[in-house]
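The sequence and the structure are shown first.

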Amino acid sequence: VLLGIAALAHCGKWWAGEKDLKEPQLSPIFGKMAGLPAVDVFVGTGEIFLPDVHILRQNILDAGGMINVYEYPGAFHDFVSVPFLPETRSVFQVLEKALIAAE
């Protein structure tokens, strides 16, 4: 809904300049995952980066880390910034429970 492949590829090359697109600073899925704290990812199935989230999940698990991926059917990139969506309210409920548990 918000992002297109061609525009993202163009912007990525512009942002990277002469750097390798597989540098972890540009694409974290190519970074070292060992030693990360537990990671929570909230992603929609309509998210253009969903395949990358699956790679990230596997990379973290392979490194012995913990990751929870919450997938929301049909949700788009950055859906959590739209506070009136039911999916966003669900994310906030998960976060609230985590904060209460951490106290």
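## Overall architecture

From the N terminus on, the order of elements in the protein chain is α-β-α-β-α. In total the secondary structure comes to 3 helices and 2 strands, where helices (H or I, at least four residues) and strands (E, at least two) are DSSP runs numbered from the N terminus. The C-alpha trace spans about 45 × 35 × 20 Å along its principal axes.

The model is a predicted one, in which local features need pLDDT of at least 70 and side-chain atom pairs count only at pLDDT 80 or more, while totals for chains, interfaces and linings use all residues. Residues are numbered from 1 along each chain as its sequence is written, and side-chain values use heavy atoms, with hydrogens and water left out.

Of the 103 residues in the protein chain, 21% are buried. Buried means under 20% relative accessible area, exposed means over 50%, and partly exposed lies in between (1.4 Å probe, protein chains only). Among contacts with a separation of 6 or more, 55% are between residues 24 or more positions apart; contact means heavy atoms within 4.5 Å.

## The β-α-β unit

Strand E1 (residues 39-44) and strand E2 (residues 67-72) run parallel and are joined by 6 bridges. Two strands pair if DSSP finds at least two bridges between them. Phe-42 stands opposite Tyr-70 in E2, and Gly-44 has Tyr-72 of E2 as its bridge partner. In a regular strand, side chains alternate between the two faces of the sheet.

Together with helix H2 (residues 50-62), E1 and E2 make a right-handed β-α-β unit. The crossover is called right-handed if, with the strands pointing away from the viewer, the path from the first strand over the helix to the second runs clockwise.

## Nonpolar cores

A nonpolar core is a set of buried Ala, Val, Leu, Ile, Met, Phe, Trp, Tyr and Cys residues joined through side-chain atoms within 4.5 Å. The largest one has 11 residues: Ile-29, Met-33, Val-39, Val-41, Val-43, Leu-50, Val-53, Leu-56, Ile-60, Ile-67 and Val-69. At least two residues of this core come from each of E1, H2 and E2, and H2 supplies the largest share, 4 residues. Beyond its neighbours within four places in sequence, Ile-29 is in contact with Asp-52, Ile-55, Leu-56 and Asn-59.

A second, separate core has 6 residues, including Tyr-72, Ala-75, Val-82 and Val-91. In soluble globular proteins, nonpolar side chains tend to be buried together.

Helix H1 (residues 5-16) has 12 residues, which at 1.5 Å a residue should span 16 Å; its end C-alpha atoms are 16 Å apart, in agreement. The expected span of a helix is 1.5 Å times one less than its number of residues. H1 is hardly covered, with a count of buried residues of 1 among its 12 residues. Just after H1, Gly-17 takes a positive phi of about 65 degrees.

The structure holds 3 aromatic pairs. Rings of Phe, Tyr and Trp (its six-membered ring) pair if their centres lie within 6.5 Å; planes under 30 degrees apart count as stacked, over 60 as edge-to-face and the rest as tilted. The ring centres of Trp-14 and Trp-15 are 6.1 Å apart and their planes stand at 50 degrees, so this pair is tilted. Both Trp-14 and Trp-15 are exposed. Tyr-72 and Phe-79 also form a tilted pair, at 5.3 Å centre to centre and 50 degrees between the planes. Tyr-72 is buried, at 9% relative accessible area, and Phe-79 is buried at 3%.

## Loop positions

Asp-78 lies in the loop between E2 and helix H3 (86-102). Its phi is near 65 degrees, a positive value in a residue other than glycine. Most residues other than glycine have a negative phi. Asp-78 is partly exposed, with a relative accessible area of 41%. Ser-81 is placed in the loop between E2 and H3 and is partly exposed at 45% relative accessibility. Ser-81 and Val-53, 28 residues apart in sequence, are 18 Å apart in space, C-alpha to C-alpha.

Gly-35 is found in the loop between H1 and E1 and is exposed, with a relative accessible area of 77%. The C-alpha atoms of Gly-35 and Glu-18 are separated by 29 Å, the two residues being 17 residues apart along the chain.
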